[in-house]
Amino acid sequence: MRRRGTTAGGTGALLVLCAAGVLLGPAVAPAQAAEVSYATHCVPPAGIDPVDGTTKVEITAPATAKVGDTVDIGWKFVQAASKNPDIIDLPANSVQPSGVLKAAGAQTAGVAMRGPRENPAIPKGGAMVLSDMKGTLKLTAAGEVTLTPDAYTVNAMSTDTKCAPKETVQQAATIQVTAGGGGTPTTTPTRTATPTGSATPTHTATATPTATGGGQTDFTGKEVQIPYACKTPIGDKSATSPVQINARKNGGSYALTVQFKKSVMDSPAEIPEDSVKPSMEVVLGSADQGTVHVEGPTNASPIKSGDPIAVPDLTGTYKPGASGSSTLSPGVLTVKALGTTTTCTPTKTAVSLTLDTTGQPGGAAGGTSTSGGTSSGGSSTSGGGGGDSGDGGLAETGASDHGGLKALGLVAGTAILLGGAVFTFLPGRRTR
(Lines give C-alpha, C1' and ligand atoms only; values in the text may rest on other atoms or scores of the structure.)
Protein backbone atom coordinates (compact mmCIF):
# COMPACT_ATOMS: atom_id res chain seq x y z
CA MET A 1 0.00 0.00 0.00
CA ARG A 2 2.83 2.37 0.82
CA ARG A 3 4.49 1.65 -2.52
CA ARG A 4 1.23 2.14 -4.37
CA GLY A 5 0.64 5.51 -2.61
CA THR A 6 4.13 6.68 -3.45
CA THR A 7 3.65 5.76 -7.08
CA ALA A 8 0.40 7.65 -7.24
CA GLY A 9 2.00 10.71 -5.65
CA GLY A 10 4.89 10.52 -8.09
CA THR A 11 2.48 10.26 -10.98
CA GLY A 12 0.58 13.31 -9.73
CA ALA A 13 3.78 15.29 -9.39
CA LEU A 14 4.82 14.21 -12.87
CA LEU A 15 1.50 15.40 -14.29
CA VAL A 16 1.92 18.77 -12.57
CA LEU A 17 5.44 19.13 -13.95
CA CYS A 18 4.29 18.17 -17.43
CA ALA A 19 1.50 20.70 -17.25
CA ALA A 20 3.97 23.35 -16.17
CA GLY A 21 6.18 22.38 -19.08
CA VAL A 22 3.31 22.89 -21.48
CA LEU A 23 2.62 26.33 -20.06
CA LEU A 24 6.24 27.44 -20.03
CA GLY A 25 7.10 26.11 -23.44
CA PRO A 26 10.51 24.85 -24.58
CA ALA A 27 12.39 28.19 -24.38
CA VAL A 28 14.50 27.31 -21.33
CA ALA A 29 16.75 24.25 -21.19
CA PRO A 30 17.25 22.35 -17.93
CA ALA A 31 19.82 23.98 -15.66
CA GLN A 32 23.00 22.22 -14.67
CA ALA A 33 24.99 22.74 -11.48
CA ALA A 34 28.60 21.88 -10.71
CA GLU A 35 30.81 22.59 -7.70
CA VAL A 36 34.49 23.46 -7.96
CA SER A 37 37.07 24.42 -5.35
CA TYR A 38 40.31 26.33 -5.76
CA ALA A 39 43.14 27.77 -3.67
CA THR A 40 42.60 31.48 -3.21
CA HIS A 41 44.65 34.46 -2.02
CA CYS A 42 42.60 37.20 -0.33
CA VAL A 43 43.79 40.73 0.45
CA PRO A 44 41.68 42.39 3.19
CA PRO A 45 41.61 46.14 3.93
CA ALA A 46 44.87 47.81 4.91
CA GLY A 47 46.11 46.82 8.34
CA ILE A 48 44.85 43.23 8.11
CA ASP A 49 47.12 40.40 6.98
CA PRO A 50 46.40 38.62 3.67
CA VAL A 51 44.65 35.27 3.86
CA ASP A 52 45.20 32.07 1.88
CA GLY A 53 42.25 29.71 1.83
CA THR A 54 40.00 27.57 -0.30
CA THR A 55 36.99 28.81 -2.23
CA LYS A 56 34.18 26.39 -3.04
CA VAL A 57 31.47 27.56 -5.43
CA GLU A 58 28.59 26.03 -7.32
CA ILE A 59 27.86 27.40 -10.79
CA THR A 60 24.47 26.96 -12.43
CA ALA A 61 23.67 27.56 -16.09
CA PRO A 62 21.42 26.09 -18.79
CA ALA A 63 22.79 22.96 -20.43
CA THR A 64 21.76 24.09 -23.92
CA ALA A 65 20.85 27.39 -25.60
CA LYS A 66 20.85 29.10 -28.98
CA VAL A 67 22.94 31.88 -30.44
CA GLY A 68 21.30 35.17 -29.55
CA ASP A 69 19.94 33.91 -26.21
CA THR A 70 20.78 35.75 -23.02
CA VAL A 71 21.22 33.13 -20.32
CA ASP A 72 21.13 33.48 -16.55
CA ILE A 73 24.12 32.23 -14.59
CA GLY A 74 24.24 31.58 -10.85
CA TRP A 75 27.22 31.52 -8.46
CA LYS A 76 26.62 29.99 -5.02
CA PHE A 77 29.32 30.22 -2.34
CA VAL A 78 29.62 26.87 -0.63
CA GLN A 79 32.68 28.21 1.18
CA ALA A 80 34.48 31.57 1.07
CA ALA A 81 38.26 31.58 1.32
CA SER A 82 38.47 34.15 4.11
CA LYS A 83 36.78 34.55 7.47
CA ASN A 84 35.63 37.67 9.28
CA PRO A 85 38.78 39.08 10.97
CA ASP A 86 38.92 39.16 14.77
CA ILE A 87 38.16 42.89 14.81
CA ILE A 88 34.42 43.49 14.71
CA ASP A 89 31.17 41.61 14.46
CA LEU A 90 29.50 42.19 11.13
CA PRO A 91 25.80 43.03 11.42
CA ALA A 92 23.14 41.45 9.27
CA ASN A 93 22.90 42.66 5.67
CA SER A 94 26.29 44.40 5.67
CA VAL A 95 28.20 42.09 3.28
CA GLN A 96 27.93 42.03 -0.51
CA PRO A 97 29.87 39.82 -2.93
CA SER A 98 30.77 40.54 -6.55
CA GLY A 99 33.01 38.73 -8.98
CA VAL A 100 33.87 37.64 -12.48
CA LEU A 101 33.03 34.39 -14.24
CA LYS A 102 35.13 33.48 -17.28
CA ALA A 103 33.41 32.23 -20.42
CA ALA A 104 35.65 30.38 -22.87
CA GLY A 105 35.48 28.00 -25.82
CA ALA A 106 33.20 29.08 -28.64
CA GLN A 107 32.91 32.48 -26.97
CA THR A 108 35.27 34.39 -24.70
CA ALA A 109 33.88 36.88 -22.20
CA GLY A 110 34.05 38.02 -18.62
CA VAL A 111 30.65 37.75 -16.93
CA ALA A 112 30.05 40.25 -14.13
CA MET A 113 28.46 38.57 -11.12
CA ARG A 114 26.89 40.28 -8.13
CA GLY A 115 24.87 39.24 -5.10
CA PRO A 116 22.58 41.23 -2.82
CA ARG A 117 23.76 42.70 0.48
CA GLU A 118 22.14 39.92 2.46
CA ASN A 119 23.77 37.97 5.28
CA PRO A 120 23.15 36.88 8.84
CA ALA A 121 25.13 38.54 11.62
CA ILE A 122 28.72 37.24 11.42
CA PRO A 123 30.77 37.21 14.65
CA LYS A 124 34.45 38.05 14.86
CA GLY A 125 36.44 35.16 13.45
CA GLY A 126 33.33 33.56 11.98
CA ALA A 127 33.01 32.07 8.53
CA MET A 128 31.90 34.56 5.89
CA VAL A 129 28.36 33.89 4.74
CA LEU A 130 27.94 35.32 1.24
CA SER A 131 24.78 35.67 -0.79
CA ASP A 132 24.31 33.95 -4.14
CA MET A 133 25.55 35.95 -7.10
CA LYS A 134 23.84 36.23 -10.45
CA GLY A 135 24.89 37.37 -13.91
CA THR A 136 23.85 37.11 -17.54
CA LEU A 137 25.66 36.19 -20.73
CA LYS A 138 24.48 36.84 -24.27
CA LEU A 139 25.55 33.96 -26.47
CA THR A 140 27.20 35.07 -29.69
CA ALA A 141 28.63 31.91 -31.27
CA ALA A 142 27.63 28.30 -31.73
CA GLY A 143 29.64 25.60 -30.01
CA GLU A 144 30.64 24.70 -26.47
CA VAL A 145 30.91 27.58 -24.00
CA THR A 146 32.63 26.75 -20.69
CA LEU A 147 32.12 28.71 -17.48
CA THR A 148 34.85 29.04 -14.85
CA PRO A 149 34.75 31.08 -11.60
CA ASP A 150 37.52 33.64 -11.19
CA ALA A 151 38.32 36.51 -8.82
CA TYR A 152 35.73 37.94 -6.47
CA THR A 153 35.41 40.80 -3.98
CA VAL A 154 33.75 40.78 -0.58
CA ASN A 155 32.45 44.24 0.37
CA ALA A 156 31.85 44.33 4.13
CA MET A 157 30.77 47.56 5.74
CA SER A 158 31.99 49.47 2.69
CA THR A 159 35.48 47.93 2.64
CA ASP A 160 36.77 45.48 0.06
CA THR A 161 38.52 42.15 0.51
CA LYS A 162 39.78 41.03 -2.90
CA CYS A 163 40.21 37.32 -3.55
CA ALA A 164 41.93 35.78 -6.60
CA PRO A 165 42.74 32.18 -7.59
CA LYS A 166 46.22 30.89 -6.80
CA GLU A 167 45.88 28.02 -9.24
CA THR A 168 44.21 27.12 -12.50
CA VAL A 169 40.50 26.74 -11.78
CA GLN A 170 38.54 23.90 -13.33
CA GLN A 171 35.55 24.74 -15.46
CA ALA A 172 32.30 24.49 -13.54
CA ALA A 173 29.64 24.36 -16.26
CA THR A 174 29.26 23.96 -20.01
CA ILE A 175 26.60 25.36 -22.32
CA GLN A 176 26.03 23.68 -25.69
CA VAL A 177 25.13 26.56 -27.99
CA THR A 178 23.37 25.84 -31.26
CA ALA A 179 22.91 28.19 -34.19
CA GLY A 180 19.75 30.27 -33.91
CA GLY A 181 18.02 33.33 -35.22
CA GLY A 182 20.37 35.61 -33.33
CA GLY A 183 23.20 35.26 -35.87
CA THR A 184 26.83 35.02 -34.91
CA PRO A 185 28.07 38.47 -33.95
CA THR A 186 31.80 38.97 -33.91
CA THR A 187 31.81 41.25 -30.91
CA THR A 188 31.74 40.03 -27.33
CA PRO A 189 28.94 41.17 -25.05
CA THR A 190 29.42 44.36 -23.13
CA ARG A 191 29.00 44.76 -19.40
CA THR A 192 27.85 47.76 -17.47
CA ALA A 193 30.28 48.52 -14.70
CA THR A 194 28.92 49.31 -11.27
CA PRO A 195 29.57 52.99 -10.49
CA THR A 196 32.32 53.35 -7.93
CA GLY A 197 32.64 57.08 -7.79
CA SER A 198 30.79 60.31 -7.71
CA ALA A 199 32.18 63.43 -9.29
CA THR A 200 33.27 66.17 -6.96
CA PRO A 201 31.03 69.23 -7.40
CA THR A 202 32.44 71.60 -9.96
CA HIS A 203 30.84 74.75 -8.62
CA THR A 204 32.96 76.97 -6.41
CA ALA A 205 31.46 79.42 -3.96
CA THR A 206 32.64 82.99 -4.20
CA ALA A 207 35.11 84.12 -1.58
CA THR A 208 33.95 87.71 -1.64
CA PRO A 209 31.36 89.07 0.81
CA THR A 210 27.75 88.91 -0.33
CA ALA A 211 27.12 92.55 0.59
CA THR A 212 29.09 95.74 1.17
CA GLY A 213 29.05 98.47 3.75
CA GLY A 214 29.07 98.52 7.53
CA GLY A 215 25.70 96.75 7.74
CA GLN A 216 26.88 93.51 6.21
CA THR A 217 26.01 90.44 8.28
CA ASP A 218 26.42 87.43 5.97
CA PHE A 219 29.83 86.31 4.74
CA THR A 220 30.31 83.38 2.33
CA GLY A 221 33.59 81.52 2.25
CA LYS A 222 35.09 79.79 -0.73
CA GLU A 223 35.16 76.04 -1.20
CA VAL A 224 38.66 74.68 -0.56
CA GLN A 225 40.07 71.20 -1.11
CA ILE A 226 41.56 69.92 2.14
CA PRO A 227 43.73 66.77 2.27
CA TYR A 228 43.42 64.93 5.58
CA ALA A 229 45.52 62.29 7.32
CA CYS A 230 43.19 60.18 9.46
CA LYS A 231 43.91 58.14 12.58
CA THR A 232 41.32 55.38 12.72
CA PRO A 233 40.80 52.50 15.16
CA ILE A 234 42.48 50.15 12.68
CA GLY A 235 45.16 52.24 11.00
CA ASP A 236 46.13 55.41 9.15
CA LYS A 237 44.58 56.55 5.89
CA SER A 238 44.17 59.77 3.89
CA ALA A 239 41.35 61.52 2.08
CA THR A 240 40.52 64.86 0.50
CA SER A 241 37.26 66.76 0.79
CA PRO A 242 35.86 70.13 -0.35
CA VAL A 243 35.11 72.29 2.71
CA GLN A 244 33.43 75.70 2.97
CA ILE A 245 33.17 78.04 5.98
CA ASN A 246 30.38 80.65 6.12
CA ALA A 247 29.68 83.23 8.82
CA ARG A 248 26.89 85.49 10.03
CA LYS A 249 27.72 88.47 12.23
CA ASN A 250 25.81 88.68 15.48
CA GLY A 251 26.89 91.69 17.52
CA GLY A 252 30.64 91.40 18.03
CA SER A 253 30.70 87.65 17.32
CA TYR A 254 30.10 85.43 14.30
CA ALA A 255 27.94 82.33 13.93
CA LEU A 256 29.99 79.88 11.83
CA THR A 257 28.72 77.13 9.56
CA VAL A 258 31.18 74.57 8.16
CA GLN A 259 29.94 72.54 5.20
CA PHE A 260 31.41 69.47 3.56
CA LYS A 261 30.47 69.22 -0.12
CA LYS A 262 31.20 65.62 -1.02
CA SER A 263 28.53 62.95 -1.16
CA VAL A 264 29.34 59.47 -2.44
CA MET A 265 28.03 56.84 -0.06
CA ASP A 266 24.87 55.20 1.16
CA SER A 267 24.63 53.57 4.55
CA PRO A 268 26.19 50.07 4.41
CA ALA A 269 24.10 48.89 7.37
CA GLU A 270 21.39 49.87 9.82
CA ILE A 271 22.63 52.79 11.95
CA PRO A 272 20.83 53.53 15.23
CA GLU A 273 19.74 57.05 16.10
CA ASP A 274 21.94 59.33 18.19
CA SER A 275 25.14 57.41 17.38
CA VAL A 276 27.31 59.61 15.09
CA LYS A 277 28.79 62.92 16.33
CA PRO A 278 31.16 65.06 14.15
CA SER A 279 33.12 68.14 15.26
CA MET A 280 35.97 70.33 13.98
CA GLU A 281 38.46 72.94 15.17
CA VAL A 282 38.43 75.88 12.73
CA VAL A 283 41.90 77.45 12.60
CA LEU A 284 42.26 81.24 12.93
CA GLY A 285 45.10 83.15 11.28
CA SER A 286 46.53 86.57 10.43
CA ALA A 287 45.23 89.13 12.97
CA ASP A 288 43.58 86.58 15.25
CA GLN A 289 45.01 83.31 16.47
CA GLY A 290 43.62 80.13 17.97
CA THR A 291 40.73 77.85 17.04
CA VAL A 292 36.94 77.83 16.98
CA HIS A 293 35.12 74.66 17.98
CA VAL A 294 32.21 73.70 15.71
CA GLU A 295 30.10 70.58 15.83
CA GLY A 296 27.00 68.96 14.44
CA PRO A 297 24.15 67.15 16.17
CA THR A 298 23.97 63.38 16.22
CA ASN A 299 21.67 61.64 13.76
CA ALA A 300 18.11 62.21 14.98
CA SER A 301 16.65 59.03 13.54
CA PRO A 302 17.92 55.60 12.48
CA ILE A 303 19.41 55.32 9.00
CA LYS A 304 18.33 52.35 6.94
CA SER A 305 20.82 50.27 5.02
CA GLY A 306 21.16 51.72 1.54
CA ASP A 307 19.78 55.15 2.46
CA PRO A 308 21.95 58.29 2.06
CA ILE A 309 23.80 59.23 5.22
CA ALA A 310 23.11 62.89 6.02
CA VAL A 311 25.65 64.63 8.23
CA PRO A 312 24.50 68.13 9.27
CA ASP A 313 26.44 71.36 9.05
CA LEU A 314 28.99 71.93 11.79
CA THR A 315 28.17 75.12 13.67
CA GLY A 316 29.71 77.21 16.44
CA THR A 317 30.36 80.79 17.57
CA TYR A 318 33.52 82.74 16.81
CA LYS A 319 34.32 85.55 19.24
CA PRO A 320 37.27 87.53 17.83
CA GLY A 321 40.19 88.15 20.14
CA ALA A 322 41.97 90.67 17.92
CA SER A 323 41.16 93.49 15.51
CA GLY A 324 42.12 93.33 11.85
CA SER A 325 41.86 90.89 8.97
CA SER A 326 41.39 87.38 10.38
CA THR A 327 41.38 84.18 8.33
CA LEU A 328 39.43 80.98 8.96
CA SER A 329 40.63 77.59 7.68
CA PRO A 330 39.38 74.02 8.16
CA GLY A 331 41.24 72.23 10.94
CA VAL A 332 41.19 68.91 12.76
CA LEU A 333 38.02 66.89 12.22
CA THR A 334 36.84 64.43 14.87
CA VAL A 335 34.06 61.86 14.53
CA LYS A 336 32.86 59.96 17.58
CA ALA A 337 30.57 56.98 17.41
CA LEU A 338 29.61 54.45 20.07
CA GLY A 339 32.81 54.80 22.03
CA THR A 340 35.28 55.08 19.14
CA THR A 341 37.03 58.17 17.78
CA THR A 342 38.47 58.92 14.35
CA THR A 343 40.71 62.00 14.13
CA CYS A 344 41.67 63.59 10.82
CA THR A 345 44.35 66.29 10.60
CA PRO A 346 44.87 68.47 7.50
CA THR A 347 48.19 67.83 5.78
CA LYS A 348 47.81 71.13 3.96
CA THR A 349 45.41 73.90 4.90
CA ALA A 350 43.74 76.68 2.92
CA VAL A 351 41.83 79.80 3.90
CA SER A 352 38.11 79.53 3.24
CA LEU A 353 36.97 82.86 4.75
CA THR A 354 38.52 86.20 5.71
CA LEU A 355 36.75 88.57 8.14
CA ASP A 356 37.49 92.09 9.30
CA THR A 357 37.25 91.53 13.03
CA THR A 358 37.12 93.69 16.14
CA GLY A 359 38.62 92.15 19.25
CA GLN A 360 36.18 91.28 22.02
CA PRO A 361 36.86 90.65 25.72
CA GLY A 362 37.39 86.93 26.20
CA GLY A 363 37.82 86.40 22.46
CA ALA A 364 40.08 83.85 20.76
CA ALA A 365 43.50 85.54 20.38
CA GLY A 366 45.44 82.32 20.72
CA GLY A 367 42.82 80.30 22.58
CA THR A 368 39.63 78.50 21.64
CA SER A 369 36.54 80.51 20.83
CA THR A 370 33.35 78.57 21.39
CA SER A 371 29.89 78.93 22.86
CA GLY A 372 27.48 76.28 21.72
CA GLY A 373 27.70 74.64 18.34
CA THR A 374 24.89 72.19 17.75
CA SER A 375 22.34 74.85 16.92
CA SER A 376 22.15 76.22 13.42
CA GLY A 377 21.86 79.62 15.14
CA GLY A 378 22.85 82.37 12.76
CA SER A 379 23.70 80.09 9.91
CA SER A 380 23.27 81.78 6.56
CA THR A 381 22.61 78.51 4.75
CA SER A 382 20.28 75.62 5.32
CA GLY A 383 21.48 72.08 6.01
CA GLY A 384 21.72 69.73 3.07
CA GLY A 385 19.53 66.75 2.61
CA GLY A 386 20.34 63.27 1.40
CA GLY A 387 23.12 63.01 -1.12
CA ASP A 388 24.09 60.89 -4.06
CA SER A 389 24.26 57.16 -3.67
CA GLY A 390 27.06 54.82 -4.60
CA ASP A 391 30.50 53.76 -3.36
CA GLY A 392 32.40 56.38 -5.28
CA GLY A 393 34.77 57.91 -2.72
CA LEU A 394 35.76 54.45 -1.64
CA ALA A 395 37.29 53.85 -5.03
CA GLU A 396 39.24 57.12 -4.90
CA THR A 397 40.82 56.43 -1.54
CA GLY A 398 40.61 52.71 -1.11
CA ALA A 399 40.38 50.76 -4.34
CA SER A 400 44.07 50.83 -5.15
CA ASP A 401 45.20 49.72 -1.71
CA HIS A 402 41.98 48.02 -0.58
CA GLY A 403 41.09 50.88 1.74
CA GLY A 404 40.67 51.04 5.50
CA LEU A 405 37.84 49.33 7.35
CA LYS A 406 35.05 51.88 6.90
CA ALA A 407 32.49 50.28 9.19
CA LEU A 408 29.57 52.56 9.78
CA GLY A 409 26.93 51.05 12.01
CA LEU A 410 26.37 49.23 15.26
CA VAL A 411 29.07 46.58 15.29
CA ALA A 412 29.37 44.77 18.59
CA GLY A 413 29.06 48.06 20.41
CA THR A 414 31.70 49.67 18.22
CA ALA A 415 31.39 51.81 15.11
CA ILE A 416 34.65 52.15 13.22
CA LEU A 417 34.00 55.21 11.13
CA LEU A 418 35.43 56.59 7.99
CA GLY A 419 38.61 54.54 7.71
CA GLY A 420 40.60 55.67 4.67
CA ALA A 421 37.94 57.93 3.22
CA VAL A 422 36.56 60.01 6.02
CA PHE A 423 34.44 62.10 3.71
CA THR A 424 32.86 59.37 1.71
CA PHE A 425 29.73 59.48 3.83
CA LEU A 426 29.08 63.21 3.65
CA PRO A 427 25.76 64.33 2.19
CA GLY A 428 24.93 66.36 -0.86
CA ARG A 429 23.67 69.88 -0.31
CA ARG A 430 20.76 71.87 -1.60
CA THR A 431 21.45 75.52 -2.32
CA ARG A 432 19.00 78.16 -1.19
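How many aromatic pairs does the count come to? In this predicted model, where residues are numbered from 1 along each chain as its sequence is written, the count comes to 5 aromatic pairs, a pair being two rings of Phe, Tyr or Trp (its six-membered ring) whose centres lie within 6.5 Å, with planes under 30 degrees apart called stacked, over 60 edge-to-face and the rest tilted. Local features need pLDDT of at least 70 and side-chain atom pairs count only at pLDDT 80 or more, while totals for chains, interfaces and linings use all residues, and side-chain values use heavy atoms, with hydrogens and water left out.

**View 1. Overview of the protein.** The secondary structure comes to 2 helices and 22 strands, taken as DSSP runs numbered from the N terminus (helices H or I, at least four residues; strands E, at least two). Of the 432 residues, 46% count as buried, a word that stands for under 20% relative accessible area, against over 50% for exposed and partly exposed in between (1.4 Å probe, protein chains only). Among contacts (heavy atoms within 4.5 Å) between residues at least 6 apart in sequence, 73% join residues at least 24 apart.

**View 2. A cluster of rings around Phe77.** Ring pairs link Trp75, Phe77 and Tyr152 into a cluster. Trp75 and Phe77 form a tilted pair, with 5.6 Å from centre to centre and 45° between the planes, and both of these residues are buried. The rings of Phe77 and Tyr152 have centres 5.0 Å apart and planes at 65°, so this pair is edge-to-face. Because Phe77 lies in strand 4 (residues 70–79) and Tyr152 in strand 8 (residues 143–156), the pair ties together parts that are 75 residues apart in sequence. Phe77 and Tyr152 are both buried.

**View 3. The largest nonpolar core.** This core has 40 residues, and those with the most contacts inside it are Ile73, Trp75, Leu137, Leu147, Tyr152 and Ile175; a nonpolar core is a set of buried Ala, Val, Leu, Ile, Met, Phe, Trp, Tyr and Cys residues joined through side-chain atoms within 4.5 Å. Several strands each supply at least two residues of the core, including strand 1 (31–43), strand 7 (133–138) and strand 10 (173–178), while the largest share, 5 residues, comes from strand 8.

**View 4. Ile175 and a second core.** Not counting residues up to four places away in sequence, Ile175 touches a set of residues including Gln32, Pro62, Val71, Leu139 and Leu147. A second, separate core of 29 residues includes Tyr228, Val258, Val335 and Cys344.
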